[in-house]
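Please read the following explanation with the sequence and the model side by side. It goes from single pairs of side chains to the way the chains meet.

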There are 2 protein chains.
Amino acid sequence: MKKSIVFLALFISFFTQAQQNVGFRQAPFISPIINEDNSVTFKLKAPYSKEVVVRGDWEANNGVGKMEKGTDGIWTYTSPALPSDLYMYSFLVDSVRTLDPANAFSYRDVGNLFSIMIVGKGNGDKYSVNEVPHGTVEKVWYQSKEYKTERRLTVYTPASYKSGTTKYPVLYLLHGSGGDEEAWITLGRTAQIMDNLIAEGKIEPMIVVMPNGNESKQAAPGETKENYAYRPSMSQFLPNFADGSYERAFPEIVNFIDTRYKTKAQKSQRAVAGLSMGGFHSLSISANHPDLFDYVGLFSPGTPVGRANLPNVPEFQNWEAKFLKQKEQGLKLYWIACGKTDFLYENLHKQMKIFDSVKLPYTYVESTRGHIWSNWRTYMLQFTPLLFKK
Amino acid sequence: MKKSIVFLALFISFFTQAQQNVGFRQAPFISPIINEDNSVTFKLKAPYSKEVVVRGDWEANNGVGKMEKGTDGIWTYTSPALPSDLYMYSFLVDSVRTLDPANAFSYRDVGNLFSIMIVGKGNGDKYSVNEVPHGTVEKVWYQSKEYKTERRLTVYTPASYKSGTTKYPVLYLLHGSGGDEEAWITLGRTAQIMDNLIAEGKIEPMIVVMPNGNESKQAAPGETKENYAYRPSMSQFLPNFADGSYERAFPEIVNFIDTRYKTKAQKSQRAVAGLSMGGFHSLSISANHPDLFDYVGLFSPGTPVGRANLPNVPEFQNWEAKFLKQKEQGLKLYWIACGKTDFLYENLHKQMKIFDSVKLPYTYVESTRGHIWSNWRTYMLQFTPLLFKK
């Protein structure tokens, strides 16, 4: 016992001395604290600072909380009770944006890092790791003929996939502008949603493929030959944005997946869905390849309506004829969801009139709030139970 | 073109208004800047702050740099020229620890997040993503009989693994105290090192398996049912630390890998190596299972010497007899590396005297500096080319 204490003391002294710049250090308090009523208490030690604000993506008070300083130099703020969800937040300390130093967990969204937390007793529980069998998450590269380079995919295979010869249906799940193949698996919590809904018997076990939808990029920031010189950017500022190549090249992703994984390689066992720019991609890819997908999901989608600036390439022409063909080829579900305050709401409703004009049957679900991950995760909970049912 | 600008304006206005708390925002400058001479310039806008310091894991000035404030409220510091490497750093702004808000890239080490950067023209190039074929990285769960639960592994398979029936040798790569199955793939840059050394023909293409070495944990912080209530901790403060169960249970990991992957399932095609606590594990697992590994690597290892407090279980008894048996069973390489200023240096040298006494043949490599990732990545560059050669 005594030796053990000496050993620990050695370790601690080592980590506070030799490696003091980088070592392990625990804050003398916990932050955030999820309270019993789902309010959240944030704490930050900043004895020399004049103003500290917490900013997050919850709706109450527009996600802004003014923290108050205690005599111990620790600032505190308690939010109103929050709906169960995953949230991201940061502090502004005398105008400097910082993560919560007491919170070890963060996600990147486009070019910013955020501290993250889960408020439970509702949807947040579906986004949590629970005691259920866990699927595998792979970062895998495929050779693209279209782009003449390797490109990176995130692939989820369900827990049961590991053994046996059972074949699985596939959901292709596409990110929005500024996103990449890491977006759905981090902020989208896809692996947790799939694990939990499969364990509850609410969805068919399926493979989920999350490609990178930026035409000029091989992979997410930090995962390309630019390494950390990569400046994350909204997709519309990247080269070759919306040039039609992504729509043209998508079948090579499907081919790669059908070759490498145990898939049910047929239209009735394939879905494509995406958020924002990924919603546009889901619309355009399924319309340009009417033989590929029986299921389509548009979450807060961009649409051809409102994109009159699209280049004059075959992929972006004759939309009505393509929708007609898509309908004729057979569609089991064309599912659209949008928040009432989404900035794309108006164009989406014009787009749905075009769907009406060609009698493309679709299901429309309207939610509160706007263009936010909270909605996209909720849409996943609603959309995936509808897939691949007889 | 005009419509395009309107569309972009809509997007930008959206992301600065509706989602202002969480949206995309780029700093008006770049930080860090890797200069031509490998010095690094850091910048932080903090107009209302009194003192800003950058702290990193480079050797010059003990990794501390006092930043200077410009009239524009932007603080700047330029380091001396740094050896090519991956570095982690943070800022202290009026005593508040913050990441670099202009840098989108970070890794977690134990319980802290760090901004990261790569200084090139040397080892740092081996830790970079280059234009070479990329292997696959998987997060996969196996069922443990010993722990009666699922546990998570990180598995790297080389680019050539994707197709064909070729079988591969396997390196089991173990993390240190406070680490988990994410440590080697993040700060260890294992995927990049493997991709690059394989492309250069310097190492045999191999599978690398990175398990979680904490007896009481299923997976890394945030990836267990504790979710974000997980308080990251040094391993010696966790339940069941060093109770012998990890040594006893290790063959079930080997069995899982040999069942699930295309492995050369034989002793001559297996290596085990690890850093610090993972070095102890490599020593103890290979000694307790002398039929499993022809290659052993101890990087800045913990050792039975200096651990007189180990519990009285068979796994930690009769070391000399086990080393003798291990030698008799045949060993192709027993490789040990340590930095001159490592706090484990003295005990390691006592341990090597015990190896000498039983004539266990080993190779010893001594480096500068101490118990740091810079050394462990370098040891990987030195150790892996020695594996699985005829």
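In chain B, Asp258(B) and Arg270(B) join their side chains in a salt bridge, with 3.0 Å from N to O. A salt bridge here is a side-chain nitrogen of Lys or Arg within 4 Å of a carboxyl oxygen of Asp or Glu. Asp258(B) belongs to helix H4 (residues 245–260) of chain B and Arg270(B) to strand S15 (residues 270–275) of chain B, so the pair ties together parts that are twelve residues apart in sequence. Helices (H or I, at least four residues) and strands (E, at least two) are DSSP runs, numbered from the N terminus. Arg270(B) counts as buried, at 6% relative accessibility. Buried means under 20% relative accessible area, exposed over 50%, and partly exposed in between (1.4 Å probe, protein chains only).

This is a predicted model, in which local features need pLDDT of at least 70 and side-chain atom pairs count only at pLDDT 80 or more, while totals for chains, interfaces and linings use all residues. Residues are numbered from 1 along each chain as its sequence is written, chains are lettered from A and ligands numbered from 1 in the order in which they are written, and side-chain values use heavy atoms, with hydrogens and water left out.

Over all chains, the structure holds 44 salt bridges. One of them is between the side chains of Glu182(A) and Arg152(A), at 3.4 Å from N to O. This pair links distant parts of the chain, 30 residues apart: Glu182(A) is in the loop between strand S13 (170–174) and helix H3 (190–199) of chain A, and Arg152(A) is in strand S12 (residues 149–157) of chain A. Glu182(A) counts as buried at 16% relative accessibility, and Arg152(A) is buried too, with a relative accessible area of 6%.

A further salt bridge is found in chain B, where the closest N and O atoms of Glu59(B) and Arg369(B) are 3.9 Å apart. Here too the pair links distant parts of the chain, 310 residues apart: Glu59(B) sits in the loop between strand S3 (52–56) and strand S4 (64–66) of chain B, and Arg369(B) in the loop between strand S18 (363–367) and helix H8 (373–383) of chain B. Glu59(B) counts as exposed, at 53% relative accessibility.

What surrounds Arg152(B) in chain B? Arg152(B) has its place in strand S12 (residues 149–157) of chain B and is buried, with a relative accessible area of 6%. Leaving aside neighbours within four places in sequence, Arg152(B) is in contact (heavy atoms within 4.5 Å) with residues including Lys139(B), Trp141(B), Glu182(B), Pro211(B) and Glu223(B). The side chain of Arg152(B) also makes a polar contact with the side chain of Glu181(B), at 2.7 Å. A polar contact is a pair of N or O atoms within 3.5 Å; within protein, one must be able to donate a hydrogen and the other to accept it, and residues adjacent in sequence count only if both atoms are side-chain atoms.

Gly111(A) is in the loop between strand S9 (106–109) and strand S10 (112–119) of chain A, and is buried, with a relative accessible area of 11%. Gly111(A) and Arg231(A) are 120 residues apart in sequence and 7.4 Å apart in space, C-alpha to C-alpha. Val365(A) lies in strand S18 (residues 363–367) of chain A and counts as partly exposed, at 21% relative accessibility. Apart from neighbours within four places in sequence, Val365(A) is in contact with Trp335(A), Ile336(A), Ala337(A), Cys338(A) and Gln382(A).

How do the chains meet? In the interface, 99 residues of chain A are in contact with 100 residues of chain B. Across the interface of chain A and chain B the rule finds two salt bridges, and Glu131(B) and Lys225(A) meet through their side chains in a salt bridge of 3.7 Å, N to O. Helix H1 (residues 2–16) of chain A gives the largest share of the side of chain A that touches chain B, nine residues. That side divides into 47 nonpolar, 31 polar and 21 charged residues; Ala, Val, Leu, Ile, Met, Phe, Trp, Tyr, Cys and Pro count as nonpolar, Asp, Glu, Lys and Arg as charged, and the others, Gly among them, as polar.
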